[in-house]
Amino acid sequence: MEHYKALIVDDEPDIRELLEMTLGRMGIDTTTAADLGEAFGRLRDQRFDLCLTDMRLPDGNGIELVGHIQEHHPELPVAVITAFGSMETAIAALKAGAFDFVSKPVDLTVLRGLVEKALKLSSRTTGRQPAAEQRLLGESPAIHRVRELIAKLARSQAPVYISGESGTGKELVARLIHENGPRADMPFVPVNCGAIPSELMESEFFGHRKGSFTGALTDKPGLFQAAHGGTLFLDEAADLPMHMQVKLLRAIQEKAVRPIGAQKEVKIDVRILSATHKDLGELVQRNAFRQDLYYRINVIELHVPSLRDHPEDIPLLAESILRRLGGQWGQDTPQLDPAAIRALTGYPFPGNVRELENILERAMTLCEGNVIRTEDLHLPQPSGGSGVTTAAGEPLPEYLGELEREAILQALEETRWNRTAAARKLGITFRALRYRLKKLGIE
Ligand SMILES: Nc1ncnc2c1ncn2[C@@H]1O[C@H](COP(=O)(O)OP(=O)(O)OP(=O)(O)O)[C@@H](O)[C@H]1O
C-alpha cells in the first residue's frame, strides 16, 4: 500500500529529525525542507498529505507558507509549530487557514493526535461526501455561503464562534462542522451554558471525584472528558458566569482539566465551537464577557443569517419541515396553499427557522383536508411597537392564556426546551410549569 507523505519544514536539523522519526514510526514517508524557498519547490514537485512547518524560517515565516498552500494546494492540511506561549502567532496561523498548531517543546502525543486528524482529511481516506447540503437547507446565496464555510471550517481545528439570532440554525451548523471534519467519529457534546446552575458548572464541565462535596457519590467525568477526541459546543456562551469564564479559558489554553477533588490534571483534546444569539463583542466592551476568552473562542466567526434575510428559502424549508412532520405523524405531507406560502414569505420570523417549525406544526393540527391555508398559520400580527397586541373582542381568559403560552414558549426556546431552566426563568417551580404545559397542550 502506498504510504502517506508529509512535508516537514524546519531550519533546525534536530527538530526535523525528531519529526521525521515520529512520523516515520507512524508509517508516514517524510520529505524535509529547511526554508520557504525549498518548501515551495517540494510542493511543486510532489504530492503531500500533510505539511508541518516551523513558524520562524530563514527566508520568511510559516504563515507565508500557510498562505501559499491555501492558494495553490487548498486540500493539503498544514499545521504550524509555534514557540512556547506565543498564542497570538498560533491564532494568526489558524486565521490564515492552518489546520492546527502545536507549540514547542513538541509534545509527541499531541503531535501524533494532530497528524492522525490531518490524515483523516486526506482525499485518500475520506470517501465521505460532505453531508452539509443535505441538511442545511436553502438555495439562497446567503445559505450557500454558510455551507461553503462549513466545508472549509470542518477541515480546520480552529475554534469557531457562530453568531446569529435565536433559531437560525447555529447548533445545526456546529454539528455539521463536526460531522464533516476529522473528529466525526468522536462525540459531539452540546452544552447550553445558560441552563446549568452556576454552582454546578465547574463539576459539569470538569467532573468531580467521589466525596469531593456533599452529593458527590461517585466519580463523574465532566463535559470536557465526555467530548475528548471530539467537539464541545458551548451554546449560549454569553451566559457563562465570570468565574467559569476564567476556568474555561485555562482549560482551553492548557488543554487539560482538573476534576473537583482530583490531585492531577487530565489531558483533554477537544475542539471548541461556541454560539450565542447575543452580541458577544458588545458584551466584551461592557466588561460582561472576558476579552481573553472571547479572543480564544472567536478565532473565526461564522454568521448564520436571519430567516428574513433569505426569505426565498422559506417555501423550500416549509416543504421539508412538513414532509418531516408528516412522516413523524404517519400521514401524507400536508400542502400549503399559494396564499399561505405568500403569507409565510412576507412574515419577518423573529424566531427564525424554529418559529417556522412551530407555526407549521400548529397549522398541521388545525388545517382541514391536509391543506394549510393562511388562517391556519395564525401568524402574529405586527404590533404597534409595544410588543403586546391588543386582543380586540377576545374574552379575557383566552387573551391571558395566549400571553401565558407565549411567555412559556419563549422561555422554553431560550433554554432550548430545558424545562428546569425555563421554569427558573419564568420564576415558577418545575411542577407549576409542568402543570401549565399540560393545561396549554404544549408538548
Ligand atoms: N437551513 C436550515 N435547514 C434545515 N433546518 C434548519 C435550518 N436552519 C435551522 N434549521 C432547524 O431549525 C431549528 C433551530 O435550529 P438550531 O437549534 O440549530 O438554532 P439555534 O440558532 O442554535 O437556536 P438558539 O439560538 O435558540 O439555540 C432546528 O430544528 C434546525 O434543524
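Aspartate 54 lies in strand S3 (residues 50-54); helices (H or I, at least four residues) and strands (E, at least two) are DSSP runs, numbered from the N terminus. The model is predicted: local features need pLDDT of at least 70, side-chain atom pairs count only at pLDDT 80 or more, and totals for chains, interfaces and linings use all residues. Residues are numbered from 1 along each chain as its sequence is written.

An unreviewed UniProt entry places the annotation "modified residue: 4-aspartylphosphate" on Asp54. UniProt positions are given here in the numbering of this model, with feature names shortened, and annotations may be inferred rather than shown by experiment. Is aspartate 54 buried or exposed? Aspartate 54 counts as buried because it has 23 C-beta neighbours inside 10 Å. The scale runs as follows: a residue is buried if 20 or more other C-beta atoms lie within 10 Å of its own, exposed if 12 or fewer, and partly exposed in between, with C-beta atoms placed from the backbone. Apart from neighbours within four places in sequence, the contacts of aspartate 54 are Val9, Asp10, Asp11, Ile15, Gly62 and Ile81. A contact here means that the C-beta atoms of two residues, placed from the backbone, lie within 7 Å.

One of these contacts, Gly62, also belongs to helix H3 (residues 62-72), where the buried residues are Gly62, Leu65, Val66 and Ile69. These four are on the same side of H3 because they cover an arc of only 105 degrees around the axis, the arc being that of the directions from the helix axis to the C-beta atoms. An α-helix has 3.6 residues a turn, so residues three or four places apart point the same way. On the face of H3 turned away from its buried side are the exposed residues Glu71 and His72.

For residues 5-119, UniProt lists "domain: Response regulatory", again from an unreviewed entry. That stretch is 49% helix and 25% strand, and its end C-alpha atoms are 10 Å apart. A cis peptide bond joins lysine 104 and proline 105, with omega about -5 degrees. Proline 105 is in the loop between strand S7 (100-103) and H5.

The next level is the division into domains. The chain is split into domain 1 (5-125), domain 2 (141-303), domain 3 (308-377) and domain 4 (398-440), with bounds that come from an automatic or database domain assignment. Between domain 1 and domain 2, the C-alpha centres lie 27 Å apart. Their contact takes 10 residues from domain 1 and 9 residues from domain 2. On the domain 1 side, helix H4 (87-96) and helix H5 (108-121) each supply at least two residues, and H5 gives the most, with 4 residues. By class, this side of domain 1 has 5 nonpolar, 1 polar and 4 charged residues. In this grouping Ala, Val, Leu, Ile, Met, Phe, Trp, Tyr, Cys and Pro count as nonpolar, Asp, Glu, Lys and Arg as charged, and the others, Gly among them, as polar.

What surrounds the ligand? Its shell holds 20 residues, and the closest are Leu137, Gly169, Lys170, Glu171 and Val353; a residue is near a molecule or strand if its C-beta atom, placed from the backbone, lies within 6 Å of it. Helix H8 (170-179) and helix H16 (352-366) are the elements that give two or more residues to this shell. Domain 2 (141-303) and domain 3 (308-377) each contribute at least three residues to it. The shell has 6 nonpolar, 7 polar and 7 charged residues.

Phenylalanine 349 lies in the loop between helix H15 (338-346) and H16, and its phi is near 45 degrees, a positive value in a residue other than glycine. Asparagine 352, found in helix H16, has a positive phi of about 55 degrees although it is not a glycine. Phenylalanine 349 counts as buried because it has 22 C-beta neighbours inside 10 Å, and asparagine 352 is buried with 23 other C-beta atoms within 10 Å.

Glutamate 404 is in helix H18 (residues 396-414). With 14 C-beta neighbours inside 10 Å, glutamate 404 counts as partly exposed. Leaving aside neighbours within four places in sequence, glutamate 404 is in contact with Arg436 and Leu440.

Finally, the whole chain has 20 helices and 18 strands. Of its 443 residues, 34% count as buried.
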